[in-house]
Amino acid sequence: MFGYITGDYNLSRMTTNIESYSQKELVTDHVLLRLPVKSLFRFKCVCKSWHDLIKSSNFIKKHFNSESNRLRLMLCKFGVNYNKDPGCVPTNQRIYRCEDVGDFRCIYGPINGIFLLEKGHYIDNVRFAWWNPATKECRLIPRIHFEVQQYFEDNNRRLGIGIDLVNQDYKVIWHRTFWDDMTSDVYPKVYAAVYSTKNDSWKFLEPEHTHLCQICISQNCTYMNGVYYWISTSQRFCKEDNVYFIRTFDLATELFGEMTGPPIPGEHWASLMLRGGSLAAMSCDDVTQAMTANYGIWVRIRENNWIKAYTVNPPIPSHYPIGIWEYDKFIFELTQTCRLVFYDQTVKQVTSLGFHFYDLSCGSNWAISYKESLVPIKNEKPTDKDNAEYFLTKY
């Protein structure tokens, strides 16, 4: 009898403690989810339970998708700074600089807040690294060497990044064709390789499609639900027979495919993009026509039907499109002044972003929609070379 009463009493107290502990966990979880990555990194040292919580995959996913983790516009330009002039930085904005960067080529992403950085302008000196700007983590990717002839030059070189959803593995797909100086033509073979972060290794692929497929540059990272997409052209018979279509790569099966693209005339400039989380495309008959350039915006609906949603005619001087912000704000670089502006199609208004990049010459611009992420990318045994500064200046 006594034991039974004691047991009931202890059970009641235990239940109360469990409920109280669960409530504390919920409050802690709710508060921590609202904090930026920089603060969370400091709070990992508070206690073991906080450390384990912040490192857990469930918390990382919830933090990335939380309402407090707002979408930011990240503007990147890499070039040569001859004047060492800090330039103009708009109010309430931050600018990060890294001097003595050598042969930087491109930035891809983000995928869950992480980017792929690329260096190297020649066949045999290309290098890659994963980079998380929120955590400041960087992970060098092993080099890969394609067996090509000495008289080959790059003809078409495109990359894609994404997640193999079956194995929860971040991957890089590299698609290449080469120009043969001996024949003065494109070499009739497509080269490709895929990198697995889990295995930390590359694997060569043998695509079945023709080398006449030319993949175009996208306006942003066109990865969705385990598949990467590129808009491409095909010169099957002659130059007048160019047809745009969509080249795909499934990161789980590691197979290429293709699907119907928007009915854009072959002589028009075209670029693929994600707009509001859906696949879309931008086209123009002549991007060099200042003030009069008309950009057609194509959207994919249902299975694979494309419609032309509207035409954008930004009233701005000589420019080049570099990205899309939010849903219908298109980012342009003014080619004569190197200023960045966006044109809001909804209200038909041009707004300067305030950045002057005139001190950086011979560089490319990227306008990227970005959210902070706690996704870890370091090797299990990182070295002192696994940092962004080493990759950008020495690797």
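Which residues lie nearest the centre of the second largest pocket? Select Phe64, Ile111, Asn112, Gly113 and Ile163: of the 43 lining residues, these lie nearest the centre. A pocket here is an open set of points on a 1 Å grid over the protein atoms alone, where a 1.4 Å probe fits, with protein on both sides within 12 Å along at least five of seven lines, and lining residues have an atom within 4 Å of a point.

Before we go on, some ground rules. You are looking at a predicted model, where local features need pLDDT of at least 70 and side-chain atom pairs count only at pLDDT 80 or more, while totals for chains, interfaces and linings use all residues. Residues are numbered from 1 along each chain as its sequence is written, and side-chain values use heavy atoms, with hydrogens and water left out.

**Stop 1: the pocket**

This second largest pocket has a volume of about 1,400 Å³, a volume being the space filled by probe spheres set on grid points that are joined across faces, edges and corners. Colour α4, β2 (104–111), β7 (169–180), β12 (223–224), β16 (269–275) and β24 (360–370), the elements that each give two or more residues to the lining. Helix α4 provides the largest share, 5 residues. Helices (H or I, at least four residues) and strands (E, at least two) are DSSP runs, numbered from the N terminus. By class, the lining has 21 nonpolar, 13 polar and 9 charged residues. Ala, Val, Leu, Ile, Met, Phe, Trp, Tyr, Cys and Pro count as nonpolar, Asp, Glu, Lys and Arg as charged, and the others, Gly among them, as polar.

**Stop 2: two helices crossing**

Now select residues 48–55 (helix α3) and 57–65 (helix α4): their axes come within 5 Å and cross at roughly 65°. Axes are lines fitted to C-alpha atoms, for helices over the stretch in contact, and angles run from 0 to 180 degrees between N-to-C directions. Show the side chains of Leu53, Ile54 and Lys55 from α3, plus Ser57, Phe59 and Ile60 from α4, which make the contact (heavy atoms within 4.5 Å).

**Stop 3: Arg176**

Go to strand β7 and pick Arg176. Is Arg176 buried or exposed? Arg176 counts as buried because its relative accessible area is 0%; the cut-offs are under 20% for buried, over 50% for exposed and in between for partly exposed (1.4 Å probe, protein chains only). Its side chain makes a polar contact with the side chain of Asp154 at 2.9 Å. A polar contact is a pair of N or O atoms within 3.5 Å; within protein, one must be able to donate a hydrogen and the other to accept it, and residues adjacent in sequence count only if both atoms are side-chain atoms. Leaving out residues up to four places away in sequence, Arg176 also touches others, including Phe146, Lys189 and Tyr191.

**Stop 4: the cavity**

Next, select Ile123, Asp124, Asn125, Val126, Arg143, Ile144, His145 and Trp174, which line the largest cavity. A cavity is a set of points where the probe fits but cannot get out. This one holds about 30 Å³ of space.

**Stop 5: two glutamines**

Find Gln214 in strand β11 (residues 213–215). Gln214 is buried, at 19% relative accessible area, and its side chain reaches the backbone oxygen of His211 at 3.4 Å. Finish at Gln289, in the loop between β17 (278–284) and β18 (295–301). Gln289 is partly exposed, with 34% relative accessibility.
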